[in-house]
Amino acid sequence: MSETRERPEPEPIRFYGTTWVDHSGGYHVRRIVLALGAFALAAAGAWVLRLAYEGSTLTEGGSVLGILLVVAFALSCSMAFSRTLTDYIRDPADPAVRDRPDVSMRSIKVVGFLGVLLAYALRSLVEAPGEKPRRAEYDRAVERYERRSASRAARRGNPAARRGSAPRRTRRKR
């Protein structure tokens, strides 16, 4: 089979495209702007949660309800923050990440949206969120491609010529 494979293409990251590979096209400016935007959204979200808390205290629910509400938001924000931050760092080839169900964390991440936004903002200060695992996957794919290309190049041509140019000696039967 003469199947020609092209060099692997990097997987795009939302808001960054494939500029994360070579840090071109305003990559650093985009990282800073997105981090500031995520911090601003987190501040706006905290203000909305404050309004919701004040609205719940106006009802005659008692102080226990207010405490439970604060604890629920604090726990969900911290869980969403830690899970989101580890998702941006961990390699998807790791079996612990591959086998982990993300469906069960959706509701926690929705309620703890402040933690998700803060994790995104902090990771954007270091690199594009999700860049580390995608870079590892891309580097492995490029390495496999180059290894295959090198082995294909070594197999081209006459196999007898690769053994040397000296004529082959054979024994004659007497």
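Colleague: Which helix gives the largest share of the lining of the second largest pocket?
Modeller: In this predicted model, α2 provides the largest share of that lining, with five residues.

Colleague: And which elements each supply at least two residues of the lining?
Modeller: Those are α1, spanning 27-58, and α2, spanning 63-89.

Colleague: What volume does the second largest pocket have?
Modeller: Its volume is about 160 Å³.

Colleague: Which residues line it?
Modeller: The lining is made up of Leu49, Arg50, Ala52, Tyr53, Leu69, Val70, Phe73, Ala74, Cys77 and Leu114.

Colleague: How many of the lining residues are nonpolar, polar or charged?
Modeller: Nine are nonpolar and one is charged, while no polar residue takes part.

Colleague: Changing topic, which residues form the largest nonpolar core?
Modeller: That core has twelve residues, namely Ile13, Tyr16, Trp20, Tyr27, Leu34, Ala38, Tyr88, Tyr120, Ala121, Ala128, Tyr138 and Val142. At least two residues of this core come from each of α1, α5 (113-126) and α6 (131-155).

Colleague: Which of the helices gives the most to this core?
Modeller: The greatest contribution is from α1, with three residues.

Colleague: What is Ala128 in contact with, leaving aside neighbours within four places in sequence?
Modeller: Ala128 is then in contact with Ile13, Tyr16, Tyr27 and Arg31. Of these partners, Ile13, Tyr16 and Tyr27 are also listed in the largest nonpolar core.

Note on methods: Residues numbered from 1 in each chain as written. Predicted model: local features only at pLDDT ≥ 70, side-chain atom pairs only at ≥ 80, totals over all residues. Heavy atoms only, no water. 1 Å grid on protein atoms, 1.4 Å probe; cavity = no way out; pocket = protein on both sides within 12 Å on 5 of 7 lines; lining within 4 Å. Points joined across faces, edges and corners; volume = space filled by probe spheres on them. Helix = DSSP H or I, 4+ residues; strand = E, 2+ residues; numbered from the N terminus. Nonpolar A, V, L, I, M, F, W, Y, C, P; charged D, E, K, R; others polar. Core = buried A, V, L, I, M, F, W, Y, C linked by side-chain atoms within 4.5 Å. Buried < 20%, exposed > 50% of the residue type's maximum accessible area, 1.4 Å probe, protein only. Contact = heavy atoms within 4.5 Å.
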